[in-house]
Number of protein chains: 2
Amino acid sequence: MTTQEIADRLVELCKTGKNLEAIDTLFSDKIVSVEALGDETMPAVMEGRAAVRGKNEWWFANHEVHAASADGPFPNGDRFAVIFDYEVTPKVGPQAGKRTRMKEVALYTIENGKIAREEFFYSM
Amino acid sequence: MTTQEIADRLVELCKTGKNLEAIDTLFSDKIVSVEALGDETMPAVMEGRAAVRGKNEWWFANHEVHAASADGPFPNGDRFAVIFDYEVTPKVGPQAGKRTRMKEVALYTIENGKIAREEFFYSM
């Protein structure tokens, strides 16, 4: 698949809530995932598909998603950006029970036909 | 200035059309600017404040800007993203006279308190 095909497929899957299918089919085994923020239990940098899949499973299990959009892809060479916009209510943590809008920019890097790096840009 | 202060200032200046002031005050002398696309007269990669300022002057001289928005900043470490959304009519080139929407993600990297790299993600 070309970078454009991978990018289009990722957006299509995320638009329909199939984020885990995107991880299983488009991500490298050695994916590196970089959040803007992290802590001891959820470090900002995670490596490997199992860790990244686990982070996503945790997120979906612990947020009620009222609305989600994925705008893009916005390509440049072997990278592309996607704009995610969520309306969620966290089930845990200091924001538990509070409906919140979360907008972020994600940047993906392709290597050898797979997504090898994802980086998320946002404020809390 | 911190990364957050630089990011907030850049967005503030771009929201009010003061893009050239942002280049003059926030950019490194050795800024590297990376477009998604380029050609012989307007290469994708440009280096140095004079070249980047010239590219911006050319763009403003050759586009009628009907509306412009800058959404962000979206930070991660020493980088931040901004979402630009323009309604423009180009004055030159194959799209001359055609009102067009241009949405792009810009990614900025800070080094030593200045913006040292800007990268733009978009499709044409």
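**Inside and between two chains**

Modeller: About 30 Å³ of space lies in the largest cavity. By the way, this is a predicted model, where local features need pLDDT of at least 70, side-chain atom pairs count only at pLDDT 80 or more, and totals for chains, interfaces and linings use all residues. Residues are numbered from 1 along each chain as its sequence is written, chains are lettered from A and ligands numbered from 1 in the order in which they are written, and side-chain values use heavy atoms, without hydrogens and water.

Biologist: What makes a space a cavity?

Modeller: On a 1 Å grid over the protein atoms alone, a 1.4 Å probe fits there but cannot get out. The volume is the space filled by probe spheres set on the points, joined across faces, edges and corners. The whole structure has 1 cavity of 30 Å³ or more.

Biologist: What makes B:Cys14 a lining residue?

Modeller: Lining residues have an atom within 4 Å of a point. B:Cys14 lines the largest cavity, and so do B:Lys15, B:Ala68, B:Ser69, B:Ala70, B:Phe84 and B:Tyr86.

Biologist: Why is the link between A:Lys103 and B:Asp71 called a salt bridge?

Modeller: The rule wants a side-chain nitrogen of Lys or Arg within 4 Å of a carboxyl oxygen of Asp or Glu. Here the closest N and O atoms are 2.5 Å apart, so the pair qualifies.

Biologist: How do you know how many residues of chain B are in contact with chain A?

Modeller: Contact means heavy atoms within 4.5 Å, and by that rule 21 residues of chain B are in contact with 21 residues of chain A.

Definitions and conventions: On a 1 Å grid over the protein atoms alone, a cavity is a set of points where a 1.4 Å probe fits but cannot get out, and a pocket is an open set with protein on both sides within 12 Å along at least five of seven lines; lining residues have an atom within 4 Å of a point.
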